[in-house]
Every structure is written in structure tokens, then in C-alpha cells.
Amino acid sequence: MNFIKKENYTFTLSSTNKPVITVKSGDSIIFETYDCNSNQITSDTDDLETLDFNKVNPATGPIYIENAKPNQVLKVNIESIELQGNAVAMAGPNFGVLGHKLDKMTSTIIKIDNNKAIFKNIELTLNKMIGVIGVAPNGDPIKCGTPDSHGGNMDCKIIAEGSSLYLPIFVEGALLSIGDIHAVMGDGEIGISGAEIGALVKVSVEVIEDLTIKNPIIETDNAYYTVASAKTLDDAYEIAVENMFDILHPKCDLSKNELVMLMSLTCDIEVCQVVDPLKTIRFKVKKDILNKLNISSLL
Ligand code: CA
Ligand code: ZN
């Protein structure tokens, strides 16, 4: 099994990052990840004066996938997410939607026990997910904290065990990195912190040679989602909805008007996050609807 230790981390997704290992299409890889603070917080503290914000959002990697070429697609199957240790959440001024109401930065340790997350004696159901997952973008490096067409910090709840993420490939080898696992997170991530935790993330990768996509797409058991990030949620949902329309229309027998009607009747806009440098939306079409259109696969 290919295993990448968490010490092999990067703070940017970049075509110039040196690959840690080379794998083949079809291979499985385990990424060991730090939490989003590089595991700096290990106890409840009243203030976080000493927190080094230069160490925020490390991603483990990258890996080079043989024969992955620009304008192809990398399919990443999320096989398992094994949490390591306890999680931490933070809140403070200038962070997230409610930062203006807060006077100081604090953190709270969240114990992971028996498949539950314990926040101040409140037992929470886990929804383990990957915050940062992406390939190297074209051109300038992009910080791991920013989402875009290459993936990155999408903070999307459904990038979770059992789902598959399709990413556009921009550079030879794709250069996939993963980090920022959350044990629990709500859509929007309004305070800018999930239950931040280190993990072992097992994925398998597949290069799809004869396919080009503009933005990430997620597949779950019962749905596909186009994902888009932009300065505003309005801009993001326009891209996600248009991407879905452009993919669906050539595959179905409906007129443009009929397809718009059907999408309006059955597809859902959902929010991934509203707190990162670009905001992220996902647009959902159920496989049930695709079946009724005789479309066996969105991609
Ligand atoms: Ca994040
Ligand atoms: Zn995070």
C-alpha cells in the first residue's frame, strides 16, 4: 500500500511542488494528514496568541499519477477516513460570519469517542469529510486555503467516505494533495472551523483520458453534483448550474427549455462553505432523474 506521511505537506497547490511518490491509475494511496492548524492546538485555551497562522491548512502530498495529462480527468474514490486523536474547533474575531460579535480567539477540544464527537458534553454524530483536496492548478500556485476549479479548500460535506470526486487535470501527473479533515461540519462552515482533526485518508485514483470537465464534480450513491467556487455565492451557483446544464443537455432528448424546467423542478443548489477566500456551491441532480432520462452516467 502506498502511504504518505503527514510530514510531506504543502501550503500551496502548485505545478512546481515536488511529488512525494508516483502511482499508477487504479492504485490506492493512504494520505496521513495534519489537522488544519498543523496539530498546534492540543488543549482548550482561552486565547490563541501563540497560534502560528503561517501553519494553517497544510495538505499532504502531492502524488504524481502516471499518464495523467492536462485536459483529462482525475477520479478520486474516497475509500475510508480514519480519524486520529481528538478534534478541535476555533472561533474568534475576524473569522467567519459572526466574527464581529467575538472579542477573542478561543478553541475547544472535541473528544472522539465511540464514533461520536463530544463537544462540551454534547454528543454529535460524525460526518467525516475532506476539507482540502485538489490537483495542481495552471499557472501560479494557489494556497491550500482557497478553493477553485482545481479543487482545494472546497469544505464540502459530501466529499466523504464512499463518494468519488472528479477533478480537471491541469498539469502532467495531476499532483493530488489532501488535508483539512473534519469530524463534523455544517453546510456553510459559518465560523470558519469544522471539528478539525488529523486522519488517515484512503483513496484510489483513476485517470479518465477521454473526458474534459471545467470544475470539480462529485458522485455519491444517489446523486451527482457540479461544484463551483467564486467571489460570491451568486457567482458560484451560476457556474455550477450552467456546468450541469452543459453536461446534461447533449445527453438527453429534451429541448433546452424542457431541460431547464426539469432542472428547476428536481435539482438542488446546496452550499458547501461561505467563509473561504472564494465561496463554494454544489448543484445536485439525483441519479433517479438521470435514470428516467436514460442517462446511465453523468460523465
Ligand atoms: Ca477548510
Ligand atoms: Zn478545516
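The zinc ion (ligand 2) is coordinated at 1.9 to 2.6 Å by Asp180 (OD), His182 (NE2), Glu196 (OE) and Glu196 (OE), where donors are N, O and S atoms within 2.8 Å of the metal (3.2 Å for Na, K and Ca), and where water is not among the atoms, so sites may look incomplete. The angles among the four donor atoms run from 54 to 143 degrees, and the zinc site is irregular. Along the chain, the zinc donors are spaced D-x1-H-x13-E.

Asp155 lies in the loop between strand 14 (151-153) and strand 15 (164-168), whereas Asp180 lies in strand 16, so the pair ties together parts that are 25 residues apart in sequence. Strands (E, at least two residues) and helices (H or I, at least four) are DSSP runs, numbered from the N terminus. Asp180 counts as buried because its relative accessibility is 3%, and His182, at 0%, is buried as well; here buried means under 20% relative accessible area, exposed over 50%, and partly exposed in between (1.4 Å probe, protein chains only).

## The two largest pockets

The largest pocket has a volume of about 550 Å³ and is lined by 28 residues, of which Phe53, Val56, Asn57, Gly145 and Ile192 lie nearest its centre. Two elements, strand 7 (73-91) and strand 16 (176-182), each give two or more residues to this lining. On a 1 Å grid over the protein atoms alone, a pocket is an open set of points with protein on both sides within 12 Å along at least five of seven lines, a cavity is a set of points where a 1.4 Å probe fits but cannot get out, and lining residues have an atom within 4 Å of a point. Grid points are joined across faces, edges and corners, and a volume is the space filled by probe spheres set on the points. The lining of the largest pocket divides into twelve nonpolar, ten polar and six charged residues, where Ala, Val, Leu, Ile, Met, Phe, Trp, Tyr, Cys and Pro count as nonpolar, Asp, Glu, Lys and Arg as charged, and the others, Gly among them, as polar.

The second largest pocket, with a volume of about 380 Å³, is lined by 19 residues, and Ala89, Phe119, Ser193, Gly194 and Ala195 lie nearest its centre. Strand 8 gives the most to this lining, with four residues. Its residues divide into ten nonpolar, seven polar and two charged.

## Backbone features

Most residues other than glycine have a negative phi, and most peptide bonds are trans. Asn57, in the loop between strand 5 (28-33) and strand 6, has a positive phi near 65 degrees and is buried, with a relative accessible area of 11%. Ile192, in the loop between strand 16 and strand 17 (196-208), has a positive phi near 75 degrees and counts as partly exposed at 30% relative accessibility. A cis peptide bond, with omega about 0 degrees, joins Gly61 and Pro62, and Pro62 belongs to strand 6 (residues 59-65).

Which residues of helix 2 are buried? They are Leu259, Met263 and Thr266, and, seen down the helix axis, they fall within an arc of 85 degrees, so they line one face of the helix; the arc is that of the directions from the helix axis to the C-beta atoms. On the other side of helix 2, Asn257, Met261, Ser264 and Leu265 are exposed.

The structure holds one cavity of 30 Å³ or more. Helix 2 (residues 256-266) gives the largest share of the lining of the largest cavity, four residues, and the lining as a whole divides into eight nonpolar, one polar and no charged.

Residues are numbered from 1 along each chain as its sequence is written, and chains are lettered from A and ligands numbered from 1 in the order in which they are written. For this predicted model, local features need pLDDT of at least 70, side-chain atom pairs count only at pLDDT 80 or more, and totals for chains, interfaces and linings use all residues, while side-chain values use heavy atoms, with hydrogens and water left out.

Definitions and conventions. Tetrahedral: all angles 85-135°; square planar, octahedral: opposite > 155°, others 65-115°.
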